[in-house]
Amino acid sequence: MASESDPLLAKNIFDLASRQPNFCHSYSSFRTLICKLGGSRHFSLMQNLIKRLKSDRYPVTPDFFGDIIQIYGDAKLPGQALKTFYTMLESDCKPRPEHFNQLLQVLVAHQNYLRTALDLFRTVDRFGMSLNTKSYSILMRAFCFNGDISIAYNLFNEMFKRDVLPDAESYRIVMQGLCRKGQVNKAVDLLEDMLNKGFVPDALSYTSLLNSLCRKKKLKEAYKLLCRMKVKGCNPDIVHYNTIILGFCREKKAVDACKIFDDMESSGCVPNLVSYRTLVNGLCNHGMHDEATNFMYEMISKGFSPHVSVFNSLIKGFCNVGKIEEACQVLQEMLIHREAPHREIWAAIVPRVCNNDEMMRTEDTLRRILKEEVTHDTHVIDVRHGQEEYLIRRIQAKAWKI
């Protein structure tokens, strides 16, 4: 029966065996079939079997009720899971903290049961159970995601009053909740408390704080925190560095972002595609197009294929400052990497080429670019002939005037 994948067929085998003279099913047989029926959503058959288990006076364990709670949780029936918990108590079957936590997980997955979970949490003492760190973490995470950071923060402080020791995850949950609410100073204070108590924050905790500090434009504090990580047992990874680089680039401090980029490499952290893309876009926004181009070629030399946004930023930037040949070179590089230029790129570059004093030399450059084959995107091929004809007409018109 245990190996039968069809729960209804397994039920037939169970019933057939029950009719055999002098045969009695074991508790494990009941439990196996109950889980099969529940897992396949045959709740009526499952409940009938549970009643039979009770009427035959089989002793049940807390883990059995835990199975039923999980079945109802998977079926998104928190009310039935809660009812099962009370049935467990009425059966003189004392739940352990892990069973209570299992119920909490089921309840908090549904927003309209959050308060029910909190009320049950508050009255747990009358069930003769003790709460543990995970119990608090489940509720704190749920209320943080629901935007009720004050409840989560109060639960965190309550842990100390109940002599429940928080762990690194507990701190991280509350810090992330505070960061989502924009209360980054309070989150940093919590980090200090965490460090003073001897806990080592994990990488995700630092990521949340760095991101929040950067969004609040507290770039100096963010960089200091990045430096502190190295001496607090958590080496910054690529996500931490990219977060800081993005923060500085957003505030048009691309020069400082370059220094952080260099610091990242000297610390043994290898830049990735996001690192280069963020830095190139940041440099372009700051008007540092030559430096951005150098980073573009550096990323190509390291095997990265620049994102279309990198090419677009460079081409538009060079066009805006009148460096048409440089824009054409980037465009040619773009087509070599089989990236399709957007319409606004053609619209930006072609009129400027036609108005350039060094018309003949730039015309040759653009002709070579327009004849690059980009077979995976017909958009470029379709546009190419129209753009080439337009370019020739503009050049001829200007030549006749001369």
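How many salt bridges does the structure hold? The structure holds 15 salt bridges, each being a side-chain nitrogen of Lys or Arg within 4 Å of a carboxyl oxygen of Asp or Glu. The model is a predicted one, in which local features need pLDDT of at least 70 and side-chain atom pairs count only at pLDDT 80 or more, whereas totals for chains, interfaces and linings use all residues. Residues are numbered from 1 along each chain as its sequence is written, and side-chain values use heavy atoms, with hydrogens and water left out.

One of the salt bridges joins Arg-122 to Glu-158, with an N to O distance of 2.4 Å. Arg-122 belongs to helix H7 (residues 114–122) and Glu-158 to helix H9 (residues 149–161), so the pair ties together parts that lie 36 residues apart in sequence; helices are DSSP runs of H or I with at least four residues, numbered from the N terminus. The two partners are described by relative accessible area, where buried means under 20%, exposed over 50%, and partly exposed in between (1.4 Å probe, protein chains only). Glu-158 is buried at 15%, while Arg-122 is partly exposed at 39%.

A further salt bridge links the side chains of Arg-96 and Glu-98, at 2.6 Å from N to O. Arg-96 is partly exposed, with a relative accessible area of 34%, and Glu-98 is also partly exposed, at 41%. Between Lys-302 and Glu-298, the closest N and O atoms of the salt bridge are 3.5 Å apart. Lys-302 has a relative accessible area of 43% and is partly exposed; Glu-298, at 25%, is partly exposed as well. Salt bridges with shared partners also join Arg-122, Asp-125, Glu-158 and Arg-162 into one network.

The largest pocket has a volume of about 240 Å³. A pocket is defined on a 1 Å grid over the protein atoms alone, as an open set of points with protein on both sides within 12 Å along at least five of seven lines, and its lining residues have an atom within 4 Å of a point. Grid points are joined across faces, edges and corners, and the volume is the space filled by probe spheres set on the points. The lining consists of 14 residues, and Gln-47, Ile-50, Tyr-72, Thr-84 and Thr-87 lie nearest the centre of the pocket. Helix H3 (43–55), helix H4 (62–74) and helix H5 (78–90) are the elements that give two or more residues to this lining, and H3 provides the largest share, 5 residues.

Methods: On a 1 Å grid over the protein atoms alone, a cavity is a set of points where a 1.4 Å probe fits but cannot get out, and a pocket is an open set with protein on both sides within 12 Å along at least five of seven lines; lining residues have an atom within 4 Å of a point.
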